[in-house]
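I opened the file to look up a handful of residues. My notes follow in the order I checked them.

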Amino acid sequence: MTCLSTRLTVRALAFAGASAFALSATPAAAQGRRVTVVPYVEVGQSIFADLNRGDVLTYSTVAVGADVSANTNRVSAQLSYRYERQISWRDNVGDQDINSGIAQVAFKATPALTLAAGGIATRSRADIRGAAPGNVLGNVDNISQVYAIYAGPTLATHAGPVAIGASYQLGYTKVDTPNGGTGVAPGQPRLDYYDDSISQTATVSAGVAPGAIAPVGLTASAGYDRDDAGQLKQRYEGYHARGDVLLPVSPYVAVTAGVGYERIETSEKSPVLTAAGAPALDANGRYITNDASPRQITYRTDGVYYDAGVVWRPNPRVNAEAHVGKRYGSVSYTGALSYQASKSVGVAARVYDEVTTFGQQLRTGLSNLPTSFIAARDSYTQQYNGCVFGTTGAAPGGCLNDVFQSISTASYRARGVDAILTASRGRSTFGAGAGYANRRLYGDNTTPGVTLYTIEDQSYYGQLFASRTLTPVSQIDGNLFVDYYDPGILGSGGVWSYGASANYGHAFGRLSTNAGLGVYSFKAAEVDAVWSAQAQLAARYSF
């Protein structure tokens, strides 16, 4: 592992522009096809500098990968995958392997039935508190490799005036334990290490539009959610059913109200305890489950919930709605906005409030991403953890920051707001994303040495991305970000993280080159800011 991971320990949401390199490496002939497959090999050289200490680390990279896209009458898909081996020139700093990629596929089996699938491989912060500052070079604490996949069908059809919808999704998430631990300062409570989970959701609905059989629109829906995690055999199970009424009050505005019943329960088993009364850990630092222990309830809600709101649709390109109601035992706010200013300019925003798990939230976030996106990743850390920008105004993309602010096995109530913008004009492409995420963790508060119950963490994030094609064979792009993490744990202060990077790519037929530069900083509570810089030169051959 190289000291490149220092920046990861304080920020797993970096999303710098290697898109210039990826796009310029695509042969011109391949770009004109409806199905494009571009495998490649790449070698590079990087230098990392600790600007506080003046220490410098050099390392080499060898990578193989592929960029795949398809846009046919039935299939819309994109995949970008890369395996990279980083080789340090310093004996006391270890080498590392990095898998990174993202994929989205939609197959229209029939006019009414769509099959969708997707996946992600990335690295992310394991503990929102971040690694303890001071150990800069070679610090690999608090970073976990994350893998997730999902698949499922969606049905949208009609029976006379009744619109019928149904969907099912099955997902799997796997997280490696953080290298070297989380780097949390001594005396602070330990958080759990996520292992894996299988999550699934099924929904069904039937509705009629206003005026079809009544002056108001009517919808009935129901759903089932389940998530089974490996750590302490934690389980999330939820059912819900509700009815909604939509009343138009003008050609562009309607009011809506709904009421439903839901039951959500999360539970876990106890860990095996040592003779000293501490939880026993396996070789990976995870709790060893006591299979004979009774299942303990960590969260439960059972009863009626309701909300009311307004829907505004002044034209086919604008859709906005806002709702307020009572759910999860308190006031709940939700909403959404989509605006397609043109074919190449789009904005999307949402206000959310849900009880969920890491596996469920990641699966949902992935499934909401477009099937055509800018294949950009952090050219130094090779990860997809920030905003994924779409290529059209109709599907501007989405941000995964709320999912990856930290990784916890415990279920939690997730509330927040995020927004994303994507725009293309001539040879230039722009993207912007921002948001706020708050999570209230639910867990067993009786496990010795573990504090989870009532912990409330939060984060703020913002990102700017720009890319410009200079010539048919050259491109430049850049990225700016700022993040703030507040762990909400006594004795753990907030962490600020900043960064800027730029890349220039030039293609010589199948051979392309890339040059990049990045500057990064993080500032923990009562600790001086840590500054670092990184430069990279790489060459890629595309087959």
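Is Leu362 buried or exposed? I keep in mind that this is a predicted model. Leu362 has a relative accessible area of 0%, so I put it down as buried.

**Entry 1, Leu362.** I placed Leu362 in helix 4, which runs over residues 358-367. I then listed what Leu362 touches, leaving out residues up to four places away in sequence: Ile120, Val146, Ala148, Thr173, Val403 and Phe404. I also looked at Phe404 by its C-alpha distance. Leu362 and Phe404 are 42 residues apart in sequence, and their C-alpha atoms are 8.4 Å apart in space.

How many disulfides does a search of the whole structure find? I got one. The partners are Cys387 and Cys399, with 2.0 Å between their sulfur atoms. I noted the link of Cys387 and Cys399 as right-handed, with 90 degrees about the S-S bond. Cys387 belongs to strand 16 (residues 387-392) and Cys399 to strand 17 (residues 395-399), so the pair ties together parts that lie 12 residues apart in sequence.

Cys387 comes out at 1% relative accessibility, and I count it as buried because the cut-off is under 20%. Cys399, at 8% relative accessibility, also counts as buried.

Where does Glu265 lie? I found Glu265 in strand 11, residues 253-268. Its relative accessibility is 18%, so Glu265 counts as buried. I looked for a polar partner and noted the side chain of Arg263, which the side chain of Glu265 meets in a polar contact at 3.2 Å. With neighbours within four places in sequence set aside, I recorded contacts of Glu265 with Arg235, Tyr236 and Glu237, and also with Ile297, Tyr299 and Arg300.

Which residues form a nonpolar patch on the surface? I wrote down Val41, Val64, Phe508, Leu511, Tyr541 and Phe543. Together they have about 550 Å² of accessible area. I took Tyr541 from this patch for a further check. Tyr541 sits in strand 24, which spans residues 530-542. With a relative accessible area of 36%, Tyr541 is partly exposed.

How values were computed:
Residues are numbered from 1 along each chain as its sequence is written. This is a predicted model: local features need pLDDT of at least 70, side-chain atom pairs count only at pLDDT 80 or more; totals for chains, interfaces and linings use all residues. Side-chain values use heavy atoms; hydrogens and water are left out. A disulfide is a pair of cysteine sulfur atoms within 2.5 Å. Helices (H or I, at least four residues) and strands (E, at least two) are DSSP runs, numbered from the N terminus. Buried means under 20% relative accessible area, exposed over 50%, partly exposed in between (1.4 Å probe, protein chains only). A polar contact is a pair of N or O atoms within 3.5 Å; within protein, one must be able to donate a hydrogen and the other to accept it, and residues adjacent in sequence count only if both atoms are side-chain atoms. Contact means heavy atoms within 4.5 Å. Patches are made of residues with over 30% relative accessible area and no salt bridge: like charges are joined within 9 Å, nonpolar side chains (Val, Leu, Ile, Met, Phe, Trp, Tyr) within 5 Å. Accessible areas come from the Shrake-Rupley method with a 1.4 Å probe; for residues, only the protein chains shown count as cover. A salt bridge is a side-chain nitrogen of Lys or Arg within 4 Å of a carboxyl oxygen of Asp or Glu.
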